[in-house]
Amino acid sequence: MKKEEKKLTAAELPAGGILEAGTAQNFKTGSWRSLRPVWNKDKCIHCLTCWIYCPDSAIKIAPDEKKTTVVTGIDYDFCKGCGICARECPDKIKAITMEEEKK
Amino acid sequence: MVKAIYPKGKIVAKTGNEVMAEAMRQISPDVVAAYPITPATEIVQIFSQFVADGKVPTEYVAVESEHSAMSATIGASVAGARAMTGTSSQGLALMWEMLYIAAGLRLPIVMAEVNRALSAPINIHGDQSDTMGARDAGWIQIYSENSQESYDNMIQAVKIAEKAKLPTMVTTDGFIISHCMEVVEVYPDEDVKAFVGEYKPERALLDYKKPFTLGAIELQDYYFEHRWQLAEGMRNAKQIVLDVAKEFKNKFGREYGFYEKYKMDDAEVAIVTIGSAAGTTKFVIDELREKGIKAGLIKIRVYRPFPADEIAKDLAKVKAFAVLDRADSCSGNFAPVYLDVVSALFANGINIKSENYVYGLGGREISTEHIAEVYTKLDKIAKNQVAPSKTVEYINVRIK
C-alpha cells in the first residue's frame, strides 16, 4: 500500500505559496508510462537529438573517455513514454524503439 | 486646517494627487508601473516627471493597461523590488484578477488609489464603489479624509505592507481630495526615507543562489491552507497597523489608528463613515452640539483589516447610529460598511438601533443639511419617536 504523504499545515508552509526549486525530482512520474523507449547502444551515433527534444530531461548523458558527451541511457524514473525521442532519432539510425510497458 | 507639527516639516499647498506623488518620490520605490486614469492620472504623471527629471531613481514602466500595470508591479515585487502603482475606478476593475494574485503571493505592493464611480453610466467623479468591490481581494485598505492623511497614509502603507506581507491600497475621494488644493505639512526627504527604511525581502526571484517556484498550482490538498494563511495575515495586520501608527506618531507627531473618533465620549447618536464626508460630518456635529444634540462620528481609516471588536466597543454606548456608505453593493440587502459594522456589533452581543444610508454616488453632493437630517432622525430614533428603517436609505437621489 502506498505510504500516505505527510501534508504540511498552514503554520508550516511558507507564506505566499513559495516552493523550493527542484522539488519535481522528488516525484517519480515515470509510473505514468504506457510505452517504454528502448535505446539500442550499438546503433546510437550520439547526435543528442533525443536529449534536445526530451521534454522531461529523461535522456541520460555523460562525458566518455575522450570527454565527448554521449548518451548513456534513459531515466525511467521520469520518462513518461511520449515517444518524441524515438520519432526524432534520425531515420537512418532509429536507435530508439517504443515498446509496450509490461505490468 | 493643517498646522505644522513636525519641527522640520514644511507647510505647502498641494492637491491630494500632488501630495501622493510627492510621497511616492520620497519613498523612492525601485519600480512603478502604471497606466493613467482620471482622477488618478496626475499621481503617476507627476511621478513620471520626477523620474524624467532625475529626481527619483525609480524604474518607471509605462504599460498598455491597468491589467499590465498590476502584472508588471507583481513581477517587480517577486523579483525583490519595492514596487508601487496608482489607479482608479475602471483601472482598478481591470486589475481585478491580478489584485487577488498580488495578495495570494503575499506581495507588499503599495497602490495610490483615487476613489471614483464605476461604469455604467460612465462617470468620472468620486464614490467608493471601486475599492469597496475590491474589499475581499486580500488587500489592506486605508482611506483618507484629506490630503494630509493621504500623504501620511502613503508613508505608513509601505511599512505596513512590508511587515504584513500584504498589498496595501491608500485611497482618496476622487476630485474632492484628489484635485482639491489643501494645506499639507510635508516632511524632509531624508526623514521619510529613514522612516520607510530599506526593503529587504526574505525571498526574491532575482536571488539566483536561492531559486524557488512561486504561483504553482495547489488543488484540494494545499490551496485552503494558503488561503487561511492570507486571512490570518489580514487578522495579524491589525497589530502591525497600530505599531506603524505609533512609530509614525513618535517620529512625525500625527496620530493615526484604525479609525478616528470625533466627540464620541458622550455621544448619543453617531454616524460611521469613510473618507472626505467625515470632514463635513464634523462640521455638522459642532453645530448640533450647540443645539443640544449629542452627536458623534467614527471615521474609519483602516477598512481592511476591519477593526470589528474595537468599533463595537466604541459604538456600544450610543442610542442610535447610522452608517453612511459611498457605495451600494446592489445586493438587495445593505451596503458594505454597514454590514461590517452590524456584524461586529452582533458578534459582540450588542443590539443598537441603526440605519444605513447610501450617498454621493457618482460624485453627487452631500451637504451639511443632508447629514444634519440623518442626525435629526437618529435623535428621534434614540428617543423612540420613530422606528429605524429596515432597508437601505438613500440621500439626495430623486426616486419619485
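Of its 116 residues, Met24(B), Ala270(B) and Phe321(B) touch the most other members. Helix 7 of chain B (residues 147-164) gives the largest share, 8 residues; helices here are DSSP runs of H or I, at least four residues, and strands are runs of E, at least two, numbered from the N terminus. Domain 1 and domain 2 of chain B both give residues to this core, so it lies between them.

The model is predicted: local features need pLDDT of at least 70 and side-chain atom pairs 80 or more, while totals for chains, interfaces and linings use all residues. Residues are numbered from 1 along each chain as its sequence is written, and chains are lettered from A and ligands numbered from 1 in the order in which they are written.

Next I checked the domains. Chain B is divided into domain 1 (10-197 + 218-252) and domain 2 (259-394), with bounds from an automatic or database assignment. Their C-alpha centres lie 27 Å apart. The contact (C-beta atoms within 7 Å) takes 27 residues from domain 1 and 20 residues from domain 2 of chain B. On the domain 1 side, helix 6 (129-133), strand 6 (140-143) and helix 9 (223-252) of chain B give two or more residues each. Helix 9 of chain B gives the most to that side, with 5 residues.

Technical notes:
Core = buried A, V, L, I, M, F, W, Y, C linked by C-beta atoms within 7 Å. Buried ≥ 20, exposed ≤ 12 C-beta atoms within 10 Å, placed from the backbone. Contact = placed C-beta atoms within 7 Å.
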